[in-house]
Amino acid sequence: MKTAPRVDFGRRTVVLRAGDRFSFRVGLRTPAVIAVLLLACAVVAVLALGTGDYQLAPKTVVQAVFGDSTRLAEFVVMDLRMPRVLLALLLGAALGASGAIFQSLTRNPLGSPDVIGFNTGAYTGALVVMLIFGGGYRQTATGALVGGILTAAIIYGLSYKGGMQGFRLIIAGIAISTMLQSVNVWLLLKVDVNTAMAAAVWGSGSLTGLDWDQVTPVAVALAVLLPGVLWLAYRMPLLELGDDTAQALGLRLEPTRLTAVLVGVALTAVATAAAGPIAFLSLAAPQLARRLTRSATVAPAPAAALGALLLLLSDWIAQRAFAPTQLPVGVVTVSIGGAYFVWLLAREARR
């Protein structure tokens, strides 16, 4: 006879039981942190939707979102500003989750896509399309996707020797990234100044000029990748325990690692294809989320929530700090990442 699920409350966890055979433990702090981060995302989103050349009160913004305001307010909020806010949230979540996957895979806080070189490979693919073939936005996005995937395949192949090791992945990634940076500089030097400047701005990571045409494909791509992220969320903590322990617990190592690389690269490539390579976000967000949740592992969910918040806040700062001049959002994320590392170094020095 089936029994109803029972919930046992501990000090920091909730144990969900379905009968006497199945149970799983859920930490209380992690869902609470995610809820707070999502609430902060909503607050910053209202702030971003209401500020600009045409100022709107928070109440008016909420009314415009639900179609209960003037036509002008709804046009400003829904047509002009909402696509950029949604893209900041979606791409920030993608970069945060990708960083968590690679840091968990490599068991190294430096194991993020921008350090390993996937961002650089995506940028190379985009530059080839923009500067050599003269492609538009869709062609550039496709080039970034192809470049990121090909770079991942090369790095994975170089790091694989009887199994993939995180240290070898980082070393191979840094080597390939350095070579691709040289290729990128050479490509920029071979074209005229105006074209090189436009490509360099895109290479800094920018949400300027993006609209609903970019929101739909990004949302669809992330919806397709979401099951893979959820599948990895329950297996990556086992992988962090070490190969022997993970195998003893029934984890298939290489299929799990290959899936992690594919999903992580796809998340990074989607973000890079839409807005260019946004640096430091996938490096800092997982570690900051880990400190907030006080977790022993790098979990994708809180990293995605914090990544969304950081990118949305960074983009608002990029728009408003030197208005009417708008900075690429990548400039702000680099500043945040640099400040984070300075704080980390100071903290370690005090220890």
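How do the residues of the lining of the second largest pocket divide into nonpolar, polar and charged? In this predicted model, the lining comprises 11 nonpolar, five polar and five charged residues. The volume of this second largest pocket is about 410 Å³. Its lining is formed by 21 residues, of which R81, R84, Q319, R320 and Q326 are the closest to the pocket centre. Helices α3 and α14 each contribute at least two residues to the lining of the second largest pocket.

The structure contains one salt bridge, in which the side chain of R84 meets that of D315 at 2.8 Å, N to O. Because R84 belongs to helix α3 (residues 71-106) and D315 to helix α14 (residues 300-320), the pair ties together parts that lie 231 residues apart in sequence. R84 and D315 are both buried.

When its neighbours within four places in sequence are left aside, the contacts of T272 are with N119, A122, Y123, A144, W202 and P277.

Note on methods. Residues are numbered from 1 along each chain as its sequence is written. This is a predicted model: local features need pLDDT of at least 70, side-chain atom pairs count only at pLDDT 80 or more; totals for chains, interfaces and linings use all residues. Side-chain values use heavy atoms; hydrogens and water are left out. A salt bridge is a side-chain nitrogen of Lys or Arg within 4 Å of a carboxyl oxygen of Asp or Glu. Helices (H or I, at least four residues) and strands (E, at least two) are DSSP runs, numbered from the N terminus. Buried means under 20% relative accessible area, exposed over 50%, partly exposed in between (1.4 Å probe, protein chains only). On a 1 Å grid over the protein atoms alone, a cavity is a set of points where a 1.4 Å probe fits but cannot get out, and a pocket is an open set with protein on both sides within 12 Å along at least five of seven lines; lining residues have an atom within 4 Å of a point. Grid points are joined across faces, edges and corners, and a volume is the space filled by probe spheres set on the points. Ala, Val, Leu, Ile, Met, Phe, Trp, Tyr, Cys and Pro count as nonpolar, Asp, Glu, Lys and Arg as charged, and the others, Gly among them, as polar. Contact means heavy atoms within 4.5 Å.
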